[in-house]
Amino acid sequence: MSLVENLFKSYGDFKIDISSWEILDEGVTVLWGPSGSGKTSVFRLLIGLESAGPAFSWNFNGQDLAKIKVPLRRLGVVFQTLDLFPHMTAKENILFAAKARKIFPEESHKTLNGLVDVLQMKSFLDRSAAVLSGGEKQRVAIARALIGNPRMLLLDEPFAALDQDLRHESRGLIKRVIESKKIPTLLVTHDPLDVESLANKVSIIKNGKIIEDRKIV
Amino acid sequence: MISRNIVRSFLLFYLLFPFLFLIYSFRIDSWPNLEELFWAFKNSFIQAFFSALFSLLLGLWVAMGLLSFSDGFRRRYRRIFEIICLLPNFLPPLFTLLALLNVVDPFPMGTIGIILAHTAINFGLVAVLITILVESKIGSLAELAEVEGCSRWQFLRYAFLPILRRDLLLLGLFVFAVCFSGFSIPLIVGGGTGTTIEVLIYEKIRLSSNWSEAVLLASFQSLFIFGITMVARKDVATNANRIVNFRFLRMPSGIAILVILSFLGFYGYIQGVIDGFKQVSAFYEIQSALIWNFLGSVAVGLSTGILSFASLLAIAFCSPSGWRERIMLGYVAPSTSLCCFAFLMFGMNEEFWPFVKIPLALNVLFLGALYRMGWDGILKSLASQIEIANSFGASSWLIFQEVVLPQVASRAALLSGIAAVWACGDYAASRILSHRDLTLAMTIETLMSSYRLGLATVLSLALVFCGALCFFFMTGVGRVFSRKSI
C-alpha cells in the first residue's frame, strides 16, 4: 500500500490540503477533478518538483519517498506536455532515461526492445522527436518513463493533446502496458472517460482537497 | 563531477569581483563635491533622457515602416531592413561614430553630440522591438478595427497607445539605462561640457587618483541603473504566430527615413575611407605596429568570445535557478571605468597581462547585456525538459551535457561572437587597462583624437575583417559543441 499523509501547500489564495490519501500499489489510481482543482499541484508535489511541508510523508512499501531526493524516488513521469528532447531521436529519448538511472546498456536495450513491441514504436524509433506526431510522442514519453524500472508510473493528463480517436486507442495501449509491466500507476485527469476505462480506484479532488475516494470493482 | 553550487559561487564571485575588490581596497575618506556630482548627473540624465526619447520616436516611425513588410511577398524583404536596423547595435560604437563624424561636420561635441550618437545607435533596435510588440499584441486587433470601420486616428488613440503605452515606456527606460551608463561615446564626443558621471569617474581616477570619490560616484550610478533596470525588466513579446495584414498602420515614410539615414551613415563612412586612402602613406612608418595591433585585436576578440561562451554555458549549467535569473536580469556591471580600474589594480599590468585583464573586464561588462539578449528566454524554454530529466534521476552534469548543451551551444556561440566583435572594437576599457595602443580600436581612437578621421576610417576596415574573423570562429566553436553526445 502507498499512503500519502500531510500533503499541505499554500499558494496564496489556494491551498492543497490532503491529510491522508491512499494510492493503490497495484492497478491505476485516478486523481480526477475539474480544471483548477489542484490536480497538477498534487502531481508536482508528489514528484518533488515543489516542496511540501516537513510533515509530508509518502509511505511506499515501508519507505518514505517524501524524505528522499527527487532522482532517488525512482518515479516514471509523463507530463501533459510530454516534453520530449527535440534534438534527440525517439530511441535516444528513451535511452536517456536509462542512462540517467545508470542502467547497463545491455539491460536497457533489452527493455527497450520489449517496450518497442508493446507500444508499437518500431516504425518511428529512429526519427527525430521534433517531427513525431502527437500519438507517437506520447508512446515515446511512456516508454521513456518506463525504461528506468520505476516503482510507480505517474501520468499527468497524458491524453490531453490527442484527438478523440487517438485517445481511445492510447487508453487501450496504456492499459496494456500497465498490465504487462504490473506497475502501480497514478493518473491525473479531468476526463471522465479516462476514469471509466482505466481506473481501479478514483479520488476526486476539489479546491485542493480529496472529497471522495472509492475503489472501482 | 563539478558541483552546480561551486559553479554558481564562482560565477557570482566573478561578476561581483570588481565590487568586492573595490570595497575591500578602498576607504571612503572624502565625499564628492555635490555641485560637481549634480552637474555630471544632470548631463548623464539629459543625454540619456533625450537619447531614449528620440530613439523611441524615430524607432516608432521606422517600426510603422517595417510593418509595411509584414505580409505576402514583401515579408521577404523585411529581414534586410531589420538587419540594417540592428547593424549599429551589433557593430562596435566606433563605426557609428566614424560615420557620424564624417557626415556631421562640424560635429557638435558635448551633450548634443552624445544624444546624436546614442540615438543613431539605438533607434534601429527600438524599431525592431516595437514591430515585434505590435505584431504580437495588437495584430489581430488592427485587422478587426479596419473591418469594423475604425479610422486610423481612432485606432491609434483608443487601442494602439493605451495597449502599448506600458511596453513603450519600459522600452524607453531600457534605452535610458543603456545610455545613462554609456562610456565609450561620451569619452570621445562628450567634450568638456558633456561630462557624464561615467566620464567623471574615469577622470577622478585617471587624472587625480581620487579613488574614494570614484567609488562613491560609481556606487551612486550603479544603484540608480540597478533601480531602472529592475523597473524596466519585462518579458519580451514573442513573434506573432500568424501573418497579419497591417494596412491600417503602415507608414512607408518610416522605411524612407531608415533608408535615408542608413545611406547618410554609409556615405559618411565611404567618404572617410576615400579621404583616408589619400593619406595612407602615413601608415608606412607604423606598419609593424599595425600588424601587432591587428593581432592584439584578434587576441582580445577571441579571448573575450571564448570567455563569454564559457560564462553563458556556466549560467546554463546552473539553470534553473531563481536567484540566477533575478541577479542576471538586474545585474549591471559597475561603471565601465571603475570595473576596469579594479582589474588594473589587481596583480600585474606589464607584458601579456593586459591581454588577460581586458577580456576578463569586457566579459564582466558584456555578460548582463548578452543574458538579456535572449539567453534568459532560451534557458526558460528548456526549464520543463530539465525538470523531466531531473525526475528521471539524471545528474546535473548529464542533463547539461545531453539535454542543455546540444540545444544551446549554437546560440551561446552566436552571442559570444557578438561579444567578440564588440571586444574587437573596444577602446574604452582597453585604454584603462593598457598604457599603450595594443589593438586596432585603440589606434583608431588615437587617430580620431588627433583629428585624423580619414586614416581612422581606413583602419576601421581592418577592424571589420578582424571582427568577422572572431565572429566566424565563435560560430564554428558553437557548431562543434552542438554535436550530440548521446
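## Two domains in chain B

What domains does the domain assignment of chain B give? There are two: domain 1 covers 31-278, and domain 2 covers 280-486. Keep in mind as you look around that this is a predicted model. The C-alpha centres of domain 1 and domain 2 of chain B sit 22 Å apart. Where they touch, domain 1 of chain B puts in 34 residues and domain 2 of chain B puts in 31.

Now look at the domain 1 side of that contact in chain B. Helices α4 (93-103), α7 (184-189), α8 (197-206), α9 (211-232) and α10 (252-278) of chain B each give at least two residues to it. The largest share, eight residues, belongs to α9(B). By type, this side of domain 1 of chain B splits into 22 nonpolar, eight polar and four charged residues.

Take α4(B) next. Ten of its eleven residues are buried, so α4(B) is largely enclosed by the rest of the structure. Among the buried ones are P93(B), F95(B), T96(B) and N102(B). The buried residues of α4(B) pack against α3 (75-90), α5 (111-147), α7, α10, α18 (440-449) and α19 (453-482) of chain B.

The loop between α4 and α5 of chain B holds P106(B), and the peptide bond leading from D105(B) to P106(B) is cis, with omega near 5°. M109(B) is found in the loop between α4 and α5 of chain B too. Is M109(B) buried, exposed or partly exposed? With 16 other C-beta atoms within 10 Å, M109(B) is partly exposed. Leaving out residues up to four places away in sequence, M109(B) touches V189(B) and G191(B).

## A pair of packed helices

Over to α11 (residues 287-318) and α16 (residues 396-424) of chain B: these helices pack at an angle of about 150°, with their axes 7 Å apart. The crossing of α11(B) and α16(B) is right-handed. On the α11(B) side the contact includes V300(B), G305(B) and F309(B), while α16(B) brings residues including V408(B), A412(B) and G417(B).

In soluble globular proteins, nonpolar side chains tend to be buried together. In this model the largest nonpolar core has 172 residues, and L154(A), A361(B) and I444(B) have the most contacts inside it. The largest share of this core, 17 residues, comes from α16(B). Domain 1 and domain 2 of chain B each supply at least three residues to this core.

Which residues is A361(B) in contact with, leaving aside neighbours within four places in sequence? They are C339(B), C340(B), F343(B), A429(B) and L433(B). A second, separate core of 40 residues includes A48(B), C85(B), L129(B) and I255(B).

## Two backbone spots in chain A

Finally, visit chain A. N61(A), in the loop between β4 (57-60) and β5 (63-64) of chain A, has phi near 45°, a positive value in a residue other than glycine. N61(A) counts as exposed, because it has 10 C-beta neighbours inside 10 Å.

E157(A) also isn't a glycine, and its phi is positive at about 45°. You'll find E157(A) in the loop between β7 (152-156) and α5 (164-181) of chain A. E157(A) has 19 C-beta neighbours inside 10 Å, so it counts as partly exposed.

Notes
Residues numbered from 1 in each chain as written. Chains lettered and ligands numbered in written order. Predicted model: local features only at pLDDT ≥ 70, side-chain atom pairs only at ≥ 80, totals over all residues. Domains from an automatic or database assignment. Contact = placed C-beta atoms within 7 Å. Helix = DSSP H or I, 4+ residues; strand = E, 2+ residues; numbered from the N terminus. Nonpolar A, V, L, I, M, F, W, Y, C, P; charged D, E, K, R; others polar. Buried ≥ 20, exposed ≤ 12 C-beta atoms within 10 Å, placed from the backbone. Axes fitted to C-alpha atoms, helices over the stretch in contact; angles between N-to-C directions. Left-handed = near helix turned anticlockwise from the far one by under 90°. Core = buried A, V, L, I, M, F, W, Y, C linked by C-beta atoms within 7 Å.
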